[in-house]
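I opened my notebook to see what I could look up here. My entries follow in the order I made them.

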Protein chains: 2
Amino acid sequence: MAKEIKLLGTWASPFSHRIELALKLKGLQFHYLEEDLSNKSQLLLQSNPVHRKIPVLIHNGNPISESLVIMEYIDETWQHQNPLLPKDPYARAVARFWAKFIDEKGKEQEDAIEEFSQQLKFLEGELKGKEYFGGERFGFVDIAAFFILQFLTVLQEVKEAELMTEEKYPVLFEWMEKLQGNEVVAGCLPPREKHVAYVRARRAAAEEAASKTKAA
Amino acid sequence: MAKEIKLLGTWASPFSHRIELALKLKGLQFHYLEEDLSNKSQLLLQSNPVHRKIPVLIHNGNPISESLVIMEYIDETWQHQNPLLPKDPYARAVARFWAKFIDEKGKEQEDAIEEFSQQLKFLEGELKGKEYFGGERFGFVDIAAFFILQFLTVLQEVKEAELMTEEKYPVLFEWMEKLQGNEVVAGCLPPREKHVAYVRARRAAAEEAASKTKAA
């Protein structure tokens with residue numbers, strides 16, 4: 001069993017963390033392969049020739065790309081263990097809508113991140129009065145949202161900007177803290193200090209590259 | 001039955017056409033409401049407060065937005081009539097991957113359309129050797145792709161650019177012609193002349209607005 005599921009990811013990517021958590025919630029054993037994005041493996045290039053991006057799940061030799069597509073696949077393939085999407089078609093549609101919303105708004109990450117923080121009011125409204133986005137159960141949208149928002153708090157620290165404060169989004173904040181306290185969820189997160197240092201270094205490198213381009 | 005399904009759309013939108021076709025393929029009666037995007041209805045604003053965009057499907061009073069999310073909902077709700085997605089989870093994942101690919105690449109439409117036409121090689125490769133993207137059956141990816149590519153041919157005519165020629169993409173071309181010859185599919189397309197005139201007028205207006213901004 002352990003050999004038939006492979007996950008190609010990187011330690012700092014919220015999109016990898018989604019898949020890691022989904023597999024763990026299903027109680028599945030898998031083989032995690034860390035990718036070096038500056039020197040991508042042949043396996044990654046062959047498995048995702050269109051986008052050449054992580055995460056990629058390889059199950060019995062069949063590669064699947066795009067984190068939300070992978071999450072749907074995991075939920076359908078192991079549907080009796082800890083369902084991620086609700087059963088009702090309308091509730092499923094609502095979950096897919098929010099997952100898509102998170103990906104569209106959070107996608108460009110660092111560039112669009114301030115705009116994204118303005119969009120959080122919609123997520124705050126959706127979560128209000130509920131334990132999780134999935135209702136009483138942690139589910140699809142929770143997985144999709146958590147690691148992106150976690151990443152947002154890392155950026156917030158690096159940029160010293162107020163993107164997602166407790167005052168502005170108390171409901172999301174409480175939910176974040178609840179999830180950070182969950183062992184399985186927390187086990188998919190990289191060490192905070194390491195993550196902050198990495199994002200800081202990457203931003204500094206990007207700024208240096210930009211200033212060189214300007215000078216040239 | 002006719003009253004319980006409402007579709008808010010616009011006649012020239014490939015995203016509306018997707019839903020129209022999906023409903024027709026399921027043999028469903030529905031009430032189509034044409035939206036004026038310069039003066040959106042209260043029903044649209046209430047039904048899709050996040051994006052305020054068409055298409056929106058309202059089923060028994062429950063609104064659903066985002067065309068691919070709506071298509072999944074239609075397929076799940078009326079699963080025994082003419083399935084749009086295959087049954088096998090891996091085949092479903094592949095279909096979702098391509099539908100997402102089409103939406104990402106085709107999304108910004110007019111601006112990004114030349115880049116999109118370069119990406120068609122991936123779709124050409126995926127379709128090669130098959131009757132439809134869905135294999136022997138017309139399905140989810142076919143619906144997602146057809147109206148966008150049809151729109152591309154309209155833009156091609158307006159811009160007098162070679163975006164999607166038969167020489168470059170013979171497989172896609174043959175598939176397009178096959179679908180244009182299908183009565184149900186063709187019945188969801190606006191009259192070609194009217195569509196071309198509309199896109200031409202919209203482009204002219206956009207260009208005028210841009211030149212005014214420059215002058216100011």
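Predicted model: local features only at pLDDT ≥ 70, side-chain atom pairs only at ≥ 80, totals over all residues.

Entry one, the two chains.

Entry two, a pair of helices. I picked helix H3 (residues 67-77) of chain A and looked at how it meets H6(A). Their axes come within 11 Å and cross at roughly 150°, and the crossing is right-handed. Which residues meet there? On the H3(A) side I noted Leu68(A), Met71(A) and Glu72(A), and on the H6(A) side Phe140(A), Ile143(A) and Ala144(A). Sorted by type, the residues of this contact come out as 5 nonpolar, no polar and 1 charged.

I found Tyr132(A) in the loop that lies between helix H5 (113-127) and helix H6 (140-159) of chain A. Is Tyr132(A) buried or exposed? Its relative accessibility is 16%, so I put it down as buried, the cut-off being under 20%. Leaving out residues up to four places away in sequence, I listed what Tyr132(A) touches: Leu127(A), Arg137(A), Phe138(A), Asp142(A), Trp175(A), Lys178(A) and Leu179(A). Last, I checked Tyr132(A) against Ala91(A): they sit 41 residues apart in sequence and 13 Å apart in space, C-alpha to C-alpha.

Technical notes:
Residues numbered from 1 in each chain as written. Chains lettered and ligands numbered in written order. Heavy atoms only, no water. Helix = DSSP H or I, 4+ residues; strand = E, 2+ residues; numbered from the N terminus. Buried < 20%, exposed > 50% of the residue type's maximum accessible area, 1.4 Å probe, protein only. Contact = heavy atoms within 4.5 Å. Axes fitted to C-alpha atoms, helices over the stretch in contact; angles between N-to-C directions. Left-handed = near helix turned anticlockwise from the far one by under 90°. Nonpolar A, V, L, I, M, F, W, Y, C, P; charged D, E, K, R; others polar.
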